[in-house]
Amino acid sequence: MSAATRRLTTAQALVRFLAAQYTERDGVRHRLVAGTWGIFGHGNVAGVGQALVEYGDVMPFHQGRSEQAMVHAAVGHARHLNRLSAQAVTTSIGPGATNLVTGAALATVNRLPVLLLPGDYFASHAADPLLQQLEHPSEADVSVNDALRPVSRYFDRISRPEALLASAPRAMRVLADPAETGAVTLALPQDVQAEAFDWPEEFFADRVWQVRRPAPDPEELADAVRALRAARRPLIVAGGGVHHGEAEAALEALVDATGIPVASTQAGKGSLRHDHPADLGGIGHTGTAVADDLARTADLVIGVGTRYSDFTTASGTLFQDPGVRFLNLNITAFDAHKLAARTLVCDARAGLTALTGALSGHRVPSSYEDEYRAGRARWEETVRAALRADDENAVPTQTQVLGALDAVVGDEDVVINAAGSLPGDLHKLWRSRSPRQYHLEYGYSCMGYEIPAALGVQQAAPGVPVWALVGDGTYLMNPTEIVTAVQEELPVKLVLVQNHGYASIGGLSESVGAERFGTDYRHRAADGSFTGAPLPVDLAANAASLGMDVLRAKTVRELREALSTARAATRPTCVYVETAAGDAPGAQAWWDVPVAEVSARDAATGARARYEQAVADRRHHL
């Protein structure tokens with residue numbers, strides 16, 4: 001007797017399959033693909049588009065305005081839910097598909113799951129060349145979707161309906177695997193999307209993907225414990241893996257038992273509450289003075305869920321103790337082995353819990369605790385001075401904007417940022433009150449991430465105040481999802497900071513001898529120099545034209561009042577503020593940006609001399 005089958009198109013079968021996929025960790029179940037973002041055109045409107053209509057009762061749909069932004073929204077959603085739930089993104093062929101590349105790279109760099117479903121050319125080549133089809137002179141099976149291969153953790157082109165039977169489960173495995181996850185791409189030729197096939201009923205059965213918590217290997221654990229007991233100045237570097245593994249409580253238990261201090265990467269900030277006596281704040285180029293000072297003298301660095309980017313390591317110049325060694329606890333062996341480290345390849349919570357038990361009775365020297373607590377107190381004074389506004393009627397500086405927001409938010413609020421000068425100020429100054437409050441995308445440092453990511457987070461956390469902090473530069477990159485927020489009735493809060501240019505890159509440009517060239521939004525004189533007059537651009541009016549409620553604030557007092565109003569708002573609301581110049585705490589460690597080796601300009605030759613002095617301190621930890 002033949003097995004039961006169901007006759008559906010390939011696109012219908014895929015949507016129905018996705019609706020039946022779940023993850024489970026610690027006994028809690030989540031939809032693996034919680035919804036689908038889409039912009040329709042030829043290549044997906046008659047296939048996936050029709051299928052989403054067919055199964056709208058089981059697969060929620062969200063209409064986007066920019067393909068890149070849709071991926072950012074899906075990534076924000078996945079990150080807020082600790083990678084246990086993802087969203088899909090469907091596009092047309094051609095530019096709709098290639099617009100996914102930046103978002104895919106961001107997802108894969110940050111180890112965050114997103115499912116990409118771009119349309120593709122006819123598998124049958126019946127219409128050839130198709131509108132928007134790339135014609136390769138020697139490889140007829142190449143399409144623009146192949147640009148997604150290097151930025152995807154799994155890629156397949158579904159050239160026959162039955163190929164989906166093998167490929168779709170493989171794609172789900174990668175999405176759900178914490179050690180392998182990232183962007184997953186299933187390229188869908190438009191004729192195959194619409195083709196019918198007799199699908200086995202088993203393909204549509206509910207399937208649960210268990211998200212593992214692998215325990216540490218006993219020998220690796222014993223070696224790690226020996227190293228920790230021998231260390232006099234150990235330092236934990238908490239990365240995003242602490243959050244993804246929901247290991248914050250386990251980290252706090254280890255720290256309380258041993259007194260080991262914790263510094264955090266951009267992705268790991270909030271692993272401890274800001275007021276925990278062992279929390280040192282951010283580490284690296286954008287870190288705090290207390291964290292970076294201790295890093296320079298640490299004899300054992302314990303990386304938990306971090307991939308050690310160049311910002312974290314100050315481009316190899318931060319960890320300077322002659323005998324410093326590394327111990328890396330990471331679910332991904334690739335990251336655990338960095339810096340010639342001892343390894344604990346395991347789940348963050350399982351590994352931290354095992355270390356706490358095995359280190360029973362061990363504690364760092366009391367003099368070391370006194371030292372870093374005194375450093376914490378000194379840095380807290382720096383934070384207070386930067387956030388404080390002595391004149392309530394003055395135009396706020398950027399750090400005073402953060403101070404006003406700090407006074408308004410609650411423990412449950414989420415603050416999102418990605419690029420520009422704000423990440424450095426936030427990493428050094430923000431007081432994280434809860435594990436999910438600080439949401440910085442800094443693995444890819446992608447301008448334009450903040451607004452769409454806020455939509456994804458708001459979908460993941462209904463009722464929670466979600467703030468997107470955006471400078472004028474990044475706002476101009478990607479404001480279109482404001483319309484989606486209005487359409488979906490997502491009450492995100494946008495803090496739009498106007499400083500008339502790329503402030504972060506302007507400062508970097510000056511430091512490397514490029515003289516702030518091309519970083520201001522101002523009129524140019526006939527000789528090419530800036531006149532100093534701002535462009536007549538009204539970004540607040542632009543946000544209002546896209547459907548947001550807009551509150552303009554000119555002073556510190558007005559800003560605080562506007563932020564309070566926005567937090568209580570039930571519609572998408574923008575707080576617009578033009579900032580005054582101000583001095584934030586400077587970089588506490590170096591970052592390698594190569595400077596012109598020869599130049600006729602004094603700015604560049606001076607910068608090169610400073611560069612050569614700094615690069616001499618680089619270490620290769622072997």
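T555 sits in the loop that runs between β24 (549-553) and α22 (556-568); helices (H or I, at least four residues) and strands (E, at least two) are DSSP runs numbered from the N terminus. This is a predicted model, in which local features need pLDDT of at least 70, side-chain atom pairs count only at pLDDT 80 or more, and totals for chains, interfaces and linings use all residues. Residues are numbered from 1 along each chain as its sequence is written, and side-chain values use heavy atoms, with hydrogens and water left out.

- T555 has a relative accessible area of 14%, so it is buried (under 20% relative accessible area; exposed is over 50% and partly exposed in between, with a 1.4 Å probe and protein chains only).
- Leaving aside residues up to four places away in sequence, T555 touches E392, N393, A394 and P396, where contact means heavy atoms within 4.5 Å.

**Aromatic pairs**
- Rings of Phe, Tyr and Trp (its six-membered ring) pair if their centres lie within 6.5 Å; planes under 30 degrees apart are stacked, over 60 edge-to-face, and the rest tilted.
- The count by this rule is 11 aromatic pairs.
- F319 and F326 form an edge-to-face pair, because their ring planes stand at 85°, with the centres 5.4 Å apart.
- F319 is buried at a relative accessible area of 2%, and F326 is buried with a value of 2%.
- W590 and Y611 make a tilted pair, at 5.8 Å centre to centre and 50° between the planes.
- This pair links distant parts of the chain, 21 residues apart: W590 is in the loop between β25 (573-578) and α23 (602-615), and Y611 is in helix α23.
- W590 and Y611 are both buried.
- One aromatic cluster is formed by F17, F197, W199, F203 and F204.

**Charges over rings**
- A charge sits over a ring if NZ of Lys or CZ of Arg is within 6 Å of the ring centre and within 35 degrees of the ring normal.
- R29 lies over the face of Y22, 6.0 Å from the ring centre.
- R552 lies over the face of Y576, 5.7 Å from the ring centre.

**Helix packing**
- Helix α8 (residues 218-230) packs against helix α13 (residues 348-358) at an angle of about 60°, the axes being 10 Å apart; axes are lines fitted to C-alpha atoms over the stretch in contact, and angles run from 0 to 180 degrees between N-to-C directions.
- That angle makes α8 oblique to α13, since angles under 35 degrees count as roughly parallel, over 145 as roughly antiparallel, 65 to 115 as roughly perpendicular and the rest as oblique.
- L221, A224, V225, L228 and R229 in α8 meet A354, L355 and A358 in α13.
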